Amino acid sequence: MAASVGKLEAETEVKSNADKFWGAIRDFVTIFPKASPTDYKSIQILEGDGKVVGSVYTTISGDQGNEAVKTVTEKIESVDDEKRTIIYSVIAGDLLKYYKRYKGYVNVTPKGDDNGSLVKWCCEYEKASQDVPEPNFMGEAAINTFLKVDHYILNA
């Protein structure tokens, strides 16, 4: 029986303006461990600078992390600073025990007149087997991280 392919989407509003929030997303290697140290123990750049297409980095989750994402290596596939969109794929690590393929998307859109932003997250995946659950925890983790990053930006 073939493994199933799926797509999940989640979004949240943040108080930070789109340019500031996008800047934090682009500097995730530095910002995420500061904004959410219980979720991000470290992010280590293996190739590139963590911002350019082709950059490869490994994230080691903090003690609160899900077992499926204790260690994950990702590669930046595409960046569009004008549209504030980044696409990345998981290329190694714990998540690939459960999902043969996993690609994530983040987009930041202004809400208007400096009234915050809408942050959209999406993933496309292929399960390693039918027994693997949908990766709903990834959407929850993304939204949780975005809210912590927003708090960090607003209090920096």
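Reader: Buried means under 20% relative accessible area, exposed over 50%, and partly exposed in between, using a 1.4 Å probe and protein chains only. Buried, exposed or partly exposed: which is isoleucine 45?

Author: Isoleucine 45 is partly exposed, because its relative accessible area is 36%. A word on the basis: this is a predicted model, where local features need pLDDT of at least 70 and side-chain atom pairs count only at pLDDT 80 or more, while totals for chains, interfaces and linings use all residues. Residues are numbered from 1 along each chain as its sequence is written, and side-chain values use heavy atoms, with hydrogens and water left out.

Reader: Thanks! Where does isoleucine 45 lie, and what is it in contact with, leaving aside neighbours within four places in sequence?

Author: Isoleucine 45 belongs to strand β2. Helices (H or I, at least four residues) and strands (E, at least two) are DSSP runs, numbered from the N terminus. With neighbours within four places set aside, isoleucine 45 is in contact (heavy atoms within 4.5 Å) with Val29, Gly50, Val56 and Tyr57. Its C-alpha atom is separated by 9.5 Å from that of threonine 73, 28 residues apart along the chain.

Reader: Let's zoom out to the sheet. What is the order of its strands?

Author: The open sheet has 7 strands in the order β1-β7-β6-β5-β4-β3-β2, with antiparallel pairing. Two strands pair if DSSP finds at least two bridges between them. β1 (5-14) and β2 (40-47) stand at the edges with a single partner strand each, so one side of each has no neighbour in the sheet. From one strand to the next the twist averages 25°; axes are lines fitted to C-alpha atoms, for helices over the stretch in contact, and angles run from 0 to 180 degrees between N-to-C directions.

Reader: And β6, over how many bridges does it pair with β7?

Author: β6 and β7 (residues 117-127) pair in the antiparallel sense over 11 bridges. Arginine 101 stands opposite glutamate 126 in β7, and valine 106 stands opposite tryptophan 121 in β7. With β5 (residues 85-93), β6 pairs over 5 bridges, again antiparallel; there, isoleucine 87 has tyrosine 105 of β6 as its bridge partner. A hairpin of 5 residues joins β5 to β6.

Reader: I keep clicking on asparagine 107. Why does it count as buried?

Author: Asparagine 107 counts as buried because its relative accessible area is 18%. Its place is in β6 (residues 99-110). The side chain makes a polar contact of 2.7 Å with the side chain of threonine 85. A polar contact is a pair of N or O atoms within 3.5 Å; within protein, one must be able to donate a hydrogen and the other to accept it, and residues adjacent in sequence count only if both atoms are side-chain atoms. Besides Thr85, the contacts of asparagine 107 beyond four places in sequence include Lys83, Arg84 and Leu118.

Reader: Nice. Switching to helices: how do α2 and α3 pack?

Author: α2 (residues 28-35) and α3 (residues 136-154) pack at about 90°, with axes 9 Å apart. They are therefore roughly perpendicular to each other, the label for 65 to 115 degrees; under 35 counts as roughly parallel, over 145 as roughly antiparallel and the rest as oblique. Ile31, Phe32, Lys34 and Ala35 of α2 meet Thr145, Lys148, Val149 and Tyr152 of α3.

Reader: Which strands do these two helices touch or lie across?

Author: α2 packs on the sheet and touches β2, β3 (56-61) and β4 (71-80), its direction making about 170° with that of β2. α3 lies across β1, β2, β6 and β7, running at about 20° to β1.

Reader: Oh, and threonine 59: where is it found?

Author: Threonine 59 is in β3, and it is buried, with a relative accessible area of 9%. Residues it touches, not counting those up to four places away in sequence, include Tyr40, Ser42, Ile43 and Val72.
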